[in-house]
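I opened a new page in the notebook for this structure. I want to go through its parts one after another and write down what I find.

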Amino acid sequence: MSAIDRELVETVNRQLLVLDREGGSDAIATDVAGAIARAVQEYEGDASREGLLRELLLLHDVLLEMRPRVASIILDIQKLLLHVHQSPNATQDDVLRFLQDLTQARTDRRQQVARVAAGLFVEPQTLLLHSYSTTLEMLLRHLAEIRRKPRVIVAQQQEVRTRGILRALQSASYDYTVVSEYSLSHMAHELSCALFAGLTITLDERIVLSPGSANLIEHLRSAGIPTYVILTTNKWSYWTEETETAYREEREKSIGDLRFRKQVFSHDPVPLSSIAGIITEEGVLDAEKTREVYEAEREVFQATEELIVSLERDLGIE
Amino acid sequence: MSTHEWMVLGLFVVVFAGIIMEKVDKAVIAIGGAIFVIVAHLIEFDHAMHAIDFKTIGLLLGMMLMVACLQELHLFEWIALRLALLTRGSPVLIFIVFGAASAVFSAFLDNVTTVLIIIPLVITITRGIGLAPKPFILTIIFLSNIGGAATLIGDPPNILVGSKVDSITFLDFPKYMLVPVVISAVGAVWFMRRCFATHIQSRSTHFGWLFASSLMLERVQRQAASLKIPQDVTLGSSIIGLLVLLGFFTHGVTHIEPAVIAMAGAVLMLAVFHRRLDLHHLMQHVEWTTLLFFAGLFVIVGAAEEVHLLETISHGLVSMTDNLWVLLMIVLWASAILSGIVDNIPFVAVMIPVLTGLLGEGGPYQNVENSHLLWWALVMGACFGGNATMIGASANVVSCGLAKREGVHISFVEFARISAPTTAITIVVSMIYLTFLYWL
């Protein structure tokens, strides 16, 4: 019988937080798929179908322990587990091929999202950007290609995230300007709409976004500016969170000779009702349509989880 | 001993004590000492200016500028990320690849630059994959001090010896030092691996940990991909680097001082990459305090020479033994022990004229076979001895400071518990090697 290695959970959790900060939620899924592929390739333990299934089940449990849980990687590993379970002759090469297909499907989904989002920019607009993701970058490139580039105002947040947006805007030759996120109220009247990159949507209808988003969205709502969140359906979370959605850390900081403890939060949860719509590969969904799609997907997720639990029981995994 | 000799000796004690206490910057102490010897008429001003060895200062300045240029062009960062990818996230490979890289880098760069390039990345990587960074940090420190001993430009004591002793060329360093450096490095690696066997082991049969390592590698891969070095920079800096190395290796034939070669390399770098490099900005990277420290020290040593203190020390050494092998061991162990406790630069600066007195014209060892080995005993002792304690070498102090800033606290005792046996291994290797050369 095997139990979860808490040290491993801590280590992976720290890594995922850094990856999220540096590359956004889309990059995490790609990195995790890449890391699983590399681990499968280099694994010198029991590489039989049962052996791989056991290790992937344990990894699935580790990934479920992440705070916050990253839905896309859990859904990906679910699919991988199902594939290995359903393939009687699954080998390391077979797993690697499947992971490649998953990565390709993710890229296709993001391209579809970019096409869907482009529909919002038929008229000339001034767009607010705050969070960075590779899907957002893809959308900016796509809008440049079809000559529908909006004017962009970037609300500045953590340096590493803002840098990603600025690089994307620069490489596609956008007309843009930057404003501190706490000074946006002075420029709100210039905006037509706002676009955020979402991490996930939870069971209690909260959309998880990068830190600083909640205040901005609340302000935009009161100013009557529609806010959209890019969030493909493979990032949706279907479980009850036992802990706070946003990971909280207390860090020692100082200003000159003044030392203090600062509370740092990894994300901001925002109610679904605060935004105009979620941009997915299936279209722009309002709150009602989102609930509908969510329920259908949740049923599939639960059925798969039940199957995984029974597999774990069969293999004696706690 | 005369009053003047006692005064200079007293000054040396004060300088060493001041350096150990670290209350005032060592450059201020050395310059203060230099002013004292001039004001006290222990050395005339003109002689003091002549005592400053511009071969050493020029070589240091040239190398500092070259390193600053390469840093500004992000070449070190690029190399470090490539090395990280080479490790494939394996603890054993992280240990070997970064350890070997520290030794090789240190042979061509100064040790502090080496640890500044490597240690932050190693802390990120080891932490990221759930390993304690300490064993890896210690290994990098030890190997950078050992590797620095291999070339004339690898460590300040070598620069001093190489610049001030005319009979020693750039090629002599690898000729005499490569073997003990390689054997000592292997010995240190073996010892560290033995001490930290539970940390430094393969993860190939632990799928979950293999995944954690791979995840870190994905991150490094992304960083490496985003750091694009233009081809002209890679090609240009490689060609200049090779030309400088060629200059160093052939200076015995061309009779062009290493200082001139290093300065020429820096000027060439600045000329070729004038669009990317700003001299005014690079000047901030030059360690002017180190150069001032050397200048002040040269004046104090000049005063010691002027008042015949060094002659007295030479006679003292000769009176201890007339056996060269015993003298070799005395120089080796004394320089190793003193380098572990105090800065090795002032010690070597004093020992150079002492040994010159013994080996030079009219010296008691002038015609003794293999007496030149005394230089190599001094170099080995000073470089390897720097590993003995946390304050034994600048790289140790800088590395422990870097680690502390990242939340990895290495105490003096903890350092000594690992460093003392490691240093003992390297000094024993040196003893055997010197004995072998002595009997050859």
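Before looking at the sheet I noted the rule for pairing: two strands pair if DSSP finds at least two bridges between them. I also noted that the model is predicted.

**Sheet**

I looked up the sheet in chain A and found an open sheet of seven strands with mixed pairing. I wrote the strand order down as 3-2-1-4-7-11-12. Which strands are the edge strands? They are strand 3 (176-180) and strand 12 (283-285) of chain A, and each pairs on one side only. I then looked up the twist, which averages 25° from one strand to the next.

Next I picked one pair inside the sheet. Strand 7 (residues 227-230) and strand 11 (residues 277-280) of chain A pair in the parallel sense, over three bridges. Opposite Val229(A) I found Ile278(A), in strand 11 of chain A.

**Helix 3**

I checked the length of helix 3 of chain A, residues 71-86. The helix has 16 residues, and at 1.5 Å a residue these should span 22 Å. The expected span is 1.5 Å times one less than the number of residues. The end C-alpha atoms of helix 3 of chain A are 22 Å apart, so the two values agree.

I then listed buried residues of helix 3 of chain A, including Ile73(A), Ile74(A), Leu75(A), Leu80(A), Leu81(A) and Val84(A). Ser72(A) and Asp76(A) of this helix are also buried. What covers the buried residues of helix 3? The cover includes helix 1 (6-42), helix 2 (49-64), helix 4 (92-118), strand 5 (200-201) and helix 8 (287-315) of chain A.

**Two domains in chain A**

I looked up the domain assignment of chain A: domain 1 is 6-107 + 298-315, and domain 2 is 111-297. Their C-alpha centres lie 27 Å apart. The contact takes 19 residues from domain 1 and 28 residues from domain 2 of chain A. On the domain 1 side, the elements that give two or more residues are helix 1, helix 3 and helix 8 of chain A. Helix 1 of chain A gives the most to that side, with seven residues. I sorted the residues of the domain 1 side into seven nonpolar, five polar and seven charged.

**Chain A against chain B**

How many residues does the contact take from each chain? I noted 24 residues from chain A and 18 residues from chain B. Helix 1 and helix 2 of chain A each supply at least two residues of the chain A side. The largest share of that side, 16 residues, comes from helix 1 of chain A. I recorded the chain A side as twelve nonpolar, five polar and seven charged residues.

Terms used: Residues numbered from 1 in each chain as written. Chains lettered and ligands numbered in written order. Predicted model: local features only at pLDDT ≥ 70, side-chain atom pairs only at ≥ 80, totals over all residues. Helix = DSSP H or I, 4+ residues; strand = E, 2+ residues; numbered from the N terminus. Axes fitted to C-alpha atoms, helices over the stretch in contact; angles between N-to-C directions. Buried ≥ 20, exposed ≤ 12 C-beta atoms within 10 Å, placed from the backbone. Contact = placed C-beta atoms within 7 Å. Nonpolar A, V, L, I, M, F, W, Y, C, P; charged D, E, K, R; others polar. Domains from an automatic or database assignment.
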